[in-house]
Amino acid sequence: MQSRALRRHHEERIKRRVKNYYGGLHRDDPRRVGQMAHARKLCSCWMCGNPRRYFNEPTLREQREAARRRRAASSAHGVPHAQP
Ligand SMILES: [Zn+2]
């Protein structure tokens, strides 16, 4: 568990950082700044949201992990493959 001082330091640091997100759109709205500090994506529409929910597809992160596993499996069996 990090100290209270460190937690506050990071909270302030992240808030300073996200104030400039979306062209500084929510810079003057402390509530929005706090929301962005905790969840960068304020929107869950079909373009921003989880693709499983809308298209029944894995997320980008899951696709990357699946590709990594495929590369690892093929190299374990001696099949040559391109390095990332
Ligand atoms: Zn959206």
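**Entry 1. Helix α1**

I looked up α1 and found 15 residues, with 21 Å from its first C-alpha to its last, close to the 21 Å expected at 1.5 Å a residue. The expected span is 1.5 Å times one less than the number of residues in the helix. I am working on a predicted model, where local features need pLDDT of at least 70 and side-chain atom pairs count only at pLDDT 80 or more, while totals for chains, interfaces and linings use all residues. I number residues from 1 along each chain as its sequence is written. For helices I take DSSP runs of H or I with at least four residues, and for strands runs of E with at least two, numbered from the N terminus.

I then checked burial in α1, which is hardly covered: the count of buried residues among its 15 residues is one. I call a residue buried if 20 or more other C-beta atoms lie within 10 Å of its own, exposed if 12 or fewer, and partly exposed in between, with C-beta atoms placed from the backbone.

His 9 lies in helix α1. I noted His 9 as exposed, because it has 12 C-beta neighbours inside 10 Å. From His 9 to Asn 20 I read 18 Å, C-alpha to C-alpha, for eleven residues of sequence separation.

**Entry 2. α1 against α2**

At what angle do α1 and α2 pack? I found about 110 degrees between helix α1 (residues 4-18) and helix α2 (residues 30-38), with their axes 9 Å apart. That makes α1 roughly perpendicular to α2. The axes are lines fitted to C-alpha atoms, for helices over the stretch in contact, and angles run from 0 to 180 degrees between N-to-C directions. Angles under 35 degrees count as roughly parallel, over 145 as roughly antiparallel, 65 to 115 as roughly perpendicular and the rest as oblique.

On the α1 side I listed Glu 11, Ile 14, Lys 15 and Val 18 as making the contact, and on the α2 side Val 33, Gly 34, Met 36 and Ala 37. Two residues are in contact if their C-beta atoms, placed from the backbone, lie within 7 Å. As a reminder to myself, an α-helix has 3.6 residues a turn, so residues three or four places apart point the same way.

I followed up Lys 15, which is placed in helix α1. Leaving out residues up to four places away in sequence, Lys 15 touches Val 33, Gly 34 and Ala 37. I put Lys 15 down as partly exposed, because it has 15 C-beta neighbours inside 10 Å. Lys 15 and Arg 27 are 9.6 Å apart, C-alpha to C-alpha, and twelve residues apart in sequence.

**Entry 3. Loops**

Tyr 22 lies in the loop between α1 and α2. I noted a phi near 50 degrees for Tyr 22, a positive value in a residue other than glycine. Tyr 22 counts as partly exposed, because 13 C-beta neighbours are inside 10 Å.

I next looked at Arg 40, in the loop between α2 and α3. Arg 40 is exposed, with 11 other C-beta atoms within 10 Å.

Asn 56 sits in the loop between α3 (51-55) and α4. Its phi is near 55 degrees, again a positive value in a residue other than glycine. I counted Asn 56 as exposed, because it has 7 C-beta neighbours inside 10 Å.

**Entry 4. Helix α4**

Helix α4 (residues 60-76) has 17 residues and reaches 24 Å from its first C-alpha to its last, close to the 24 Å expected at 1.5 Å a residue. How many of its residues are buried? I found a count of zero among the 17 residues, and α4 is hardly covered.

Gln 63 lies in helix α4. I recorded Gln 63 as exposed, because it has 12 C-beta neighbours inside 10 Å. Gln 63 and Ser 3 are 36 Å apart, C-alpha to C-alpha, and 60 residues apart in sequence.

**Entry 5. Whole chain**

The pattern along the sequence is α-α-α-α. Of the 84 residues of the chain, 2% count as buried.

The radius of gyration, taken over C-alpha atoms, is 19 Å, whereas a compact globule of 84 residues would have one near 12 Å. The globule rule is 2.2 Å times the number of residues to the power 0.38. Along the principal axes, the C-alpha atoms fill a box of roughly 55 × 35 × 25 Å.

The chain is divided into domain 1 (1-42) and domain 2 (45-84), with bounds from an automatic or database domain assignment. I read 30 Å between the domain centres, taken over C-alpha atoms.
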